[in-house]
Amino acid sequence: MSYKRDYETSRRGAKKQQDIRLQDLHRDWYHVFERFKPNRNGEVKLSDMRRYLSMPELRTYIPEDAIDTMLRLADKDQNGMINYDEFLDMVVGYDYMASDRPIVRSALRAAAYTVVPRNERRYLAEYSCCPPPLFMILISFVELGVFLYYTVPLVQDKGLIGLSGPVPFDSILIYDPYRRYEAWRFVSYMLVHAGLTHIIFNIIMQLVLGVPLEMVHRWWRIMIVYLAGVVAGSLATSVTDPNVFLCGASGGVYALITAHLASVILNWKEMEFAWFRLIAFIILTGTDVGVAVYDRVILDKQTKVGYMAHLGGAVAGLLIGINVLRNLRRRRWEKVVWWCSLTLYLLLMVAGIVWNVLSIEGYFPKPRYN
């Protein structure tokens, strides 16, 4: 009985020591494994691991011909991926000679600290054409097609089209203050443009601004930002200028401009040339706001430019951009900004919708139903 009791005590002591060693290994090597940028399933591609270990600066640690053997032994399930347990097997090194274990560990540690860590991803590295940035290209073609649909018959009848017209006021797509009950007009007005200058400027701007955003944040996020700016632009115009017709995608374009600012806010430390992007944004918006104030306040100039649509789109692009655009590294204060942006956006949208639904007598023009 004494022998059996001693055996059990010894076995428990050995197991406890083994657990302590495993905990030490986990504490020392888990953060190293994280630096190899595992996917959501906690796995690193075998090809990526080989690429990291084959970097020229690591040739002094492990020979090129030994890397394939080491990775082949590590990939136990032969699925082309290395999970954390398989990575620990590489560290422990049961599958190769004891004399090689320190070399392998040094190589893994050196490779991990040479690779950019997952929580320090750089913004430029996130640019990708997979999936392809097709939304801005497709919406631009649709807008161009609608413009030609309304323009070609006018050209055939009257000869020449102007740079700033004609405007198809009878279109079922244009925002008509006398037909606010046709709710689709609050979105569809973005497809109608007033002349060559309007359509060309908007298409160029949204392609220049939108495609780079799509390459980082993916097409569906940019679609949400763009459409949010369009709706916010028409609501802002209907509330502040209730008798104004509205056409053009400028609300969406200005949403793309401020979406760049939202991306800078979310990814300041991960973004290269963040100061340059911020200064470019300040110059662009400052110039536009300055021209608008000078025209409307100082010169008291009557213009066809929908400044409130621009402002509404810009505010929506910033607020909804903070909510939907990718954040490469989440920080605690950004959660507060996220909720504040969402709350303010919803309050403004609900206020604009309720104001239109109430149809205050004498404020909006009388509806036309025929």
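## Surroundings of M136

Leaving aside neighbours within four places in sequence, M136 is in contact (heavy atoms within 4.5 Å) with Q206, L207, G210, V211, E214, I222, Y226 and L256. The model is predicted: local features need pLDDT of at least 70 and side-chain atom pairs count only at pLDDT 80 or more, while totals for chains, interfaces and linings use all residues. Residues are numbered from 1 along each chain as its sequence is written, and side-chain values use heavy atoms, with hydrogens and water left out.

## Nonpolar cores

M136, Y226 and L325 touch the most other members of the largest nonpolar core, which has 55 residues. Such a core is a set of buried Ala, Val, Leu, Ile, Met, Phe, Trp, Tyr and Cys residues joined through side-chain atoms within 4.5 Å; buried means under 20% relative accessible area, exposed over 50% and partly exposed in between, with a 1.4 Å probe and protein chains only. Two or more residues each are given to this core by α6 (135-158), α8 (196-217), α9 (219-240), α10 (250-266), α11 (274-298), α12 (307-324) and α13 (332-358). The largest share, 10 residues, comes from α10. Helices are DSSP runs (H or I, at least four residues), numbered from the N terminus.

Apart from this core lies another, of 19 residues, including F33, F36, L71 and V91.

## S171 in its loop

S171 lies in the loop between α6 and α7 (185-188). This serine counts as buried because its relative accessibility is 2%. S171 touches Y150, R185 and V192, not counting residues up to four places away in sequence. Its side chain makes a polar contact with the side chain of Y150 at 2.6 Å; a polar contact is a pair of N or O atoms within 3.5 Å, where, within protein, one must be able to donate a hydrogen and the other to accept it, and residues adjacent in sequence count only if both atoms are side-chain atoms.

## Helix α13

The end C-alpha atoms of α13 are 40 Å apart, which agrees with the 39 Å that its 27 residues should span at 1.5 Å a residue. The expected span is 1.5 Å times one less than the number of residues. Buried in α13 are E334, S341, Y345, M349, G352 and N356, and the buried residues of this helix pack against α7, α9, α10 and α12. Just after α13, S359 takes a positive phi of about 50 degrees.

## Annotated spans

An unreviewed UniProt entry lists "transmembrane region" for residues 134-152, 186-207, 219-237, 243-268, 275-294, 306-325 and 337-358. Residues 243-268 are 65% helix and 0% strand, with end C-alpha atoms 42 Å apart. Residues 306-325 are 90% helix and 0% strand, with end C-alpha atoms 27 Å apart.

Terms used. UniProt positions are given in the numbering used here, feature names are shortened, and annotations may be inferred rather than shown by experiment.
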